There are 2 protein chains.
Amino acid sequence: MVSQYINRYQAIFNEKLSEKLKSLQAPEKLKESMLYSIEAGGKRLRPFLMMAAFEAYSELDEKVYDPAIALEMVHTYSLVHDDLPAMDDDNYRRGQLTNHRKFDEATAILAGDALLTTAFQMIIGSANLSAEEKVFLSAELSEAAGAEGMVGGQILDLDAEDKSLTLDEINQIHLFKTGRLIRFAVRSGAYLAGATPPQLESLDEYATYLGLIFQIQDDILDIIGDEKKLGKPVGSDEKSKKSTYPGILGLDGAIKKKEELMEKAEQALKQANVKDRLLFDFVEFLGNREM
Amino acid sequence: MVSQYINRYQAIFNEKLSEKLKSLQAPEKLKESMLYSIEAGGKRLRPFLMMAAFEAYSELDEKVYDPAIALEMVHTYSLVHDDLPAMDDDNYRRGQLTNHRKFDEATAILAGDALLTTAFQMIIGSANLSAEEKVFLSAELSEAAGAEGMVGGQILDLDAEDKSLTLDEINQIHLFKTGRLIRFAVRSGAYLAGATPPQLESLDEYATYLGLIFQIQDDILDIIGDEKKLGKPVGSDEKSKKSTYPGILGLDGAIKKKEELMEKAEQALKQANVKDRLLFDFVEFLGNREM
């Protein structure tokens, strides 16, 4: 079960993550701001997905931690920048002030920049990876996170505000904005554990569906979710006139679409010869999550 | 002579730089914004310093270009973010609108993020570098550019606004904010050309002085520079009450300090067994530049 898996590793992962940041020889204020957003919590979905993909092919090994930490840093930097007044202009995230509200805008911009840069430092400077592994992971991370991936998706998303999108356009945004980093999580975990190229290809397909499932459920929860469980108000998509899956397909259509994709994700995963059920459970976990 | 060197390579370097950006599979608006700041010009000081350091030990080789391009991308991203309203709030740079004024703030933030990420992609994805070279260069770049380097220096600089600093404090800021990236330029060029560890150590010293010389001359030009040659108004440091070398040492004291450092830079360089005068000429070029 995914939630048990998360419970098992949450403390150890969080400790390693904070430790890495604290050990930076950097100005205190910058570290404080980086740590503030890193320690704000969150499910650590991406790193745990990477670890689970590793465990799908091999016993868990110390070498997965540095890339998993790097990935969480990239994800956190993207949230810090997304929350800025020029972007989503959010005052709260996960029940606490956003970085630029707690500190100031300049500090938040720089903390984001530093988290992104430190992510590469984590992989490249890791004591547990070979030169080839470092090159593979950094190449994939830079593609997944940059203009050809997450940042590209973010600009498409900003451009789409107040426009009504087609299903293809909305897929395109989410494949870039959240999908590429989720694919990186799955691919790199499996790669490090020795998955073969055909297995990696099946996992790419699995992860692509997983990213879309995640997003559709996000849209669904914004309509029928429980504010208490979510820790944020629902109905914000409708208020901001954001194009969503339920907006295009209707609520029932979106649920049906999600279920189709869950089916497809499981089919793809069957081709990947994984050694246990954990990655299957992630489909269920993300597709039916309530928060 | 440095200016002849720059003239010789400017066109070829700029073409390679633009080509790399244009080849990204990314949304057009994002690429346009990245290219806008990249093609805004500038002396390309850092890449040429890297190339000169390479030529100090070996014939110029194709392999130096990708790291040199990466370095210019990192430098450009830092300018785009520094110009933002939350930071220096500049409307013009090099005689044209700053990125956020030409596009908008969100686009400028994302263009900066994408340039930083693409820089790592350039090194890691280079067809001309070995895995070991990629690891060396990415490790050094992430240290030089991140919390322990340039971004760290930027936060110290922002914190120093309206405070009067000691000479040590001002040195500290500039060693991080501009010095680390200049040191990266010199070190990585020489490393790629096969310089030995003791030679690299002498070059570290040389580059550290070079960064300070660059900054002191910047401060001096803000007092006695020619606005036409500089392409920007002088006197801005006094207006903004920024702590500067002339502010602490007096104008004559700052000039004397600069000349001492130029002498020291040349002494350090003599230990580095370089094969021509080019890196010596950089001391002169930066120390006595009028723009």
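## Helix α14 of chain B

The cover over the buried residues of α14(B) includes α1 (2-22), α3 (45-55), α10 (197-224) and α13 of chain B. The model is predicted. Seven of the 10 residues of helix α14 (residues 278-287) of chain B are buried, so the rest of the structure largely encloses this helix. The buried residues in α14(B) are Leu278(B), Leu279(B), Phe280(B), Phe282(B), Val283(B), Leu286(B) and Gly287(B).

## Confidence

Chain A has an average pLDDT of 95, and 100% of its residues score at least 70. For the complex, the predictor gives an ipTM of 0.97 and a pTM of 0.97.

## Nonpolar core

The largest nonpolar core contains 193 residues. Tyr206(A), Leu279(A), Tyr206(B) and Leu279(B) have the most contacts inside it.

What does Leu279(A) contact, leaving aside its neighbours within four places in sequence? The partners are Leu49(A), Ala52(A), Ala53(A), Ala56(A), Leu203(A), Tyr206(A), Leu269(A) and Val274(A).

## A buried lysine without a salt bridge

Lys258(B) sits in helix α13 (residues 245-270) of chain B. Lys258(B) is buried but has no salt bridge. The nearest side chain of opposite charge is Glu259(B), 5.5 Å away. A salt bridge needs the charged atoms within 4 Å.

Beyond residues up to four places away in sequence, Lys258(B) touches Ile213(B), Ile216(B), Gln217(B), Ile220(B), Gly287(B) and Asn288(B). One of these, Gly287(B), is among the buried residues of α14(B).

## Salt bridges

Over all chains, the count is 32 salt bridges. Glu133(A) pairs with Lys63(A), with the closest N and O atoms 2.9 Å apart. This pair links distant parts of the chain: Glu133(A) is in helix α7 of chain A, and Lys63(A) is in the loop between α3 (45-55) and α4 (65-82) of chain A, 70 residues apart. Glu133(A) is buried at a relative accessible area of 13%. Lys63(A) also counts as buried, at 17%.

Arg187(A) forms a salt bridge with Glu140(A), and the closest N and O atoms are 2.7 Å apart. Arg187(A) lies in helix α9 of chain A and Glu140(A) in helix α7 of chain A, so the pair ties together parts 47 residues apart in sequence. Arg187(A) is buried, with a relative accessible area of 14%. A salt-bridge network links Glu140(A), Arg187(A) and Asp204(A). In chain B, Lys177(B) bridges to Asp157(B), with the closest N and O atoms at 2.8 Å. Lys177(B) is in helix α9 (residues 167-192) of chain B and Asp157(B) in helix α8 (residues 150-159) of chain B, so the pair joins parts 20 residues apart in sequence. Both Lys177(B) and Asp157(B) are buried.

## Aromatic pairs

The structure holds 13 aromatic pairs over all chains. Why is the pair of Phe136(A) and Tyr191(A) stacked? The ring centres of Phe136(A) and Tyr191(A) are 3.6 Å apart and the planes are at 10 degrees, so the pair counts as stacked. The pair links distant parts of the chain: Phe136(A) is in helix α7 (residues 131-145) of chain A and Tyr191(A) in helix α9 (residues 167-192) of chain A, 55 residues apart. Tyr191(A) is partly exposed, at a relative accessible area of 21%.

Tyr36(B) and Phe103(B) form an edge-to-face pair, 5.5 Å centre to centre with 80 degrees between the planes. Tyr36(B) is in helix α2 (residues 28-38) of chain B and Phe103(B) in the loop between α5 (99-102) and α6 (105-124) of chain B, so the pair ties together parts 67 residues apart in sequence. Tyr36(B) and Phe103(B) are both buried. Back in chain A, Tyr5(A), Tyr9(A), Phe13(A) and Phe48(A) form one aromatic cluster.

## Positive phi in loops

Lys241(A) is not a glycine, yet has a positive phi of about 55 degrees. Lys241(A) is in the loop between α12 (236-239) and α13 (245-270) of chain A. Is Lys241(A) buried or exposed? At 63% relative accessibility, Lys241(A) counts as exposed.

Arg44(B), another residue other than glycine, has a positive phi near 60 degrees. Arg44(B) is in the loop between α2 and α3 of chain B. At 4% relative accessibility, Arg44(B) counts as buried.

Conventions
Residues are numbered from 1 along each chain as its sequence is written. Chains are lettered from A and ligands numbered from 1 in the order in which they are written. Side-chain values use heavy atoms; hydrogens and water are left out. Helices (H or I, at least four residues) and strands (E, at least two) are DSSP runs, numbered from the N terminus. Buried means under 20% relative accessible area, exposed over 50%, partly exposed in between (1.4 Å probe, protein chains only). Lys and Arg count as positive and Asp and Glu as negative; His and the chain ends are not counted. Contact means heavy atoms within 4.5 Å. A nonpolar core is a set of buried Ala, Val, Leu, Ile, Met, Phe, Trp, Tyr and Cys residues joined through side-chain atoms within 4.5 Å. pLDDT is the predictor's confidence in each residue, from 0 to 100. Rings of Phe, Tyr and Trp (its six-membered ring) pair if their centres lie within 6.5 Å; planes under 30 degrees apart count as stacked, over 60 as edge-to-face and the rest as tilted.
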